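Please look over the sequence and the structure shown here before reading the report.

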Amino acid sequence: MSALANHSFAKMNGIGNEIVVVDLRDSAATVTPDDARAIASPQGVPFDQLMVLLPPRTPGTSAFVRIYNSDGSEAGACGNGMRCVARQVFQDSGGDALTFETAAGLLNCWRGPTPDLFTVDMGAPKFGWRDIPLAEEFRDTRYIELQVGPIDAPVLHSPSVVSMGNPHAIFWVDDIDAYDLARFGPLLENHPIFPERANITLAHVVDREHIVMRTWERGAGLTRACGSAACATAVAAARLKRTGRTVRMTLPGGDLTIVWCEGDDHVLMTGPAAFEFEGRFDPALFARAS
């Protein structure tokens, strides 16, 4: 039986990105991909990302956070999920600033500028083809050669690619709702050019301070919000000189403010984190999975 049987959890969301937070900092319990898939099942607590707080590995951090997608795969980053984690830990411990560790590195979080908003320092983006990673060399990742549809009339083509601790491909379009992302998303996520799969975003630049976007999230599918995709899209737009370095990102679930700092290249994401309910995992979930 899973160590999560009867364990408490918090169900939250970050502008519609469905998040489950499990605090194991005082437990020897671990979470497996099978556990994550069981929790995400219709009989469980369906989520986009499961944020598991484990004992700190690095002095000065509040927790090591493992991030699971609903298919059981692990992610290195989840901006919306980190805001939810920060909200929970702030509520329990007080204070105005925290540092967490993930597979993608250290992430600093703080309150503000209003009580319902939280900021996460998502670190510096990576643009090298090996860092994203891509299966073959592209010297300029502002655009790469990738398309969907006929060669002479592609439906989607020439995405920008960025790593925000996880791989992202951004297709620039005039109308983000004019494409069947549920159809194209799985094909592009699993395209051979992306050896670790990729998050797929459709983005439209409204003006130099505003972008609208939709994302097919690696390991989770269509989502109302993806914080790391918002960061990647804002950075990619700035690299192309389509926007400045501070952008309002409109996703189906709501808005985020993304700032790509000039001093250290770090990307700051600010947005809300909403608490929905608390509960305990039904042991029957894990019995069915086993």
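## Basis of the model

This is a predicted model, in which local features need pLDDT of at least 70 and side-chain atom pairs count only at pLDDT 80 or more, while totals for chains, interfaces and linings use all residues. Residues are numbered from 1 along each chain as its sequence is written, and side-chain values use heavy atoms, with hydrogens and water left out.

## Overall fold and surface

The chain contains five helices and 19 strands; these are DSSP runs, with helices being H or I of at least four residues and strands being E of at least two, numbered from the N terminus. Along its principal axes, the C-alpha trace spans about 55 × 40 × 30 Å. The radius of gyration of the chain is 18 Å, which agrees with the value near 19 Å that a compact globule of 290 residues would have; the radius is taken over C-alpha atoms, and the globule rule is 2.2 Å times the number of residues to the power 0.38.

Of the 290 residues, 55% count as buried, where buried means under 20% relative accessible area, exposed means over 50%, and partly exposed lies in between (1.4 Å probe, protein chains only). With contact meaning heavy atoms within 4.5 Å, residues 24 or more positions apart account for 61% of the contacts that have a separation of 6 or more. The chain exposes about 12300 Å², and carbon and sulfur atoms supply 49% of that area, as computed by the Shrake-Rupley method with a 1.4 Å probe.

There are 25 positive and 35 negative side chains, and the centres of the two sets lie 1 Å apart. In this tally Lys and Arg count as positive and Asp and Glu as negative, whereas His and the chain ends are not counted; the place of a charge is taken as NZ of Lys, CZ of Arg, CG of Asp or CD of Glu.

## Aromatic pairs

The structure holds five aromatic pairs, a pair being rings of Phe, Tyr or Trp (its six-membered ring) with centres within 6.5 Å, counted as stacked if the planes are under 30 degrees apart, as edge-to-face if over 60, and as tilted for the rest. One of the pairs is formed by F90 and F118, which are stacked, with 6.2 Å from centre to centre and 20 degrees between the planes. This pair links distant parts of the chain, since F90 belongs to helix α2 (residues 79–93) and F118 to strand β8 (residues 117–121), 28 residues apart. Both F90 and F118 are buried.

The rings of F281 and F286 have centres 6.2 Å apart and planes at 85 degrees, so this pair is edge-to-face. F281 is buried, with a relative accessible area of 1%, and F286 also counts as buried, at 5% relative accessibility. Ring pairs join F281 and F286 with F9 and F277 into a cluster.

## Backbone details

P113 is found in the loop between β7 (105–111) and β8, whereas P133 lies in the loop between β8 and β9 (147–148).

Positive phi values occur at S158, where phi is near 55 degrees, and at D265, where phi is about 70 degrees. S158 sits in the loop between β10 (156–157) and β11 (160–163) and counts as partly exposed at 26% relative accessibility. D265 lies in the loop between β17 (254–260) and β18 (267–272), and at 33% relative accessibility D265 too counts as partly exposed.

## Q88 and E278

Q88 has its place in helix α2 and is buried, with a relative accessible area of 9%. Leaving aside neighbours within four places in sequence, Q88 is in contact with A10, M12, F275 and E278.

E278 is in strand β19 (residues 274–280) and is exposed, with a relative accessible area of 55%. With neighbours within four places in sequence again left aside, E278 is in contact with F9, A10 and Q88. The C-alpha atoms of E278 and G81 are separated by 16 Å, although the two residues are 197 residues apart along the chain.
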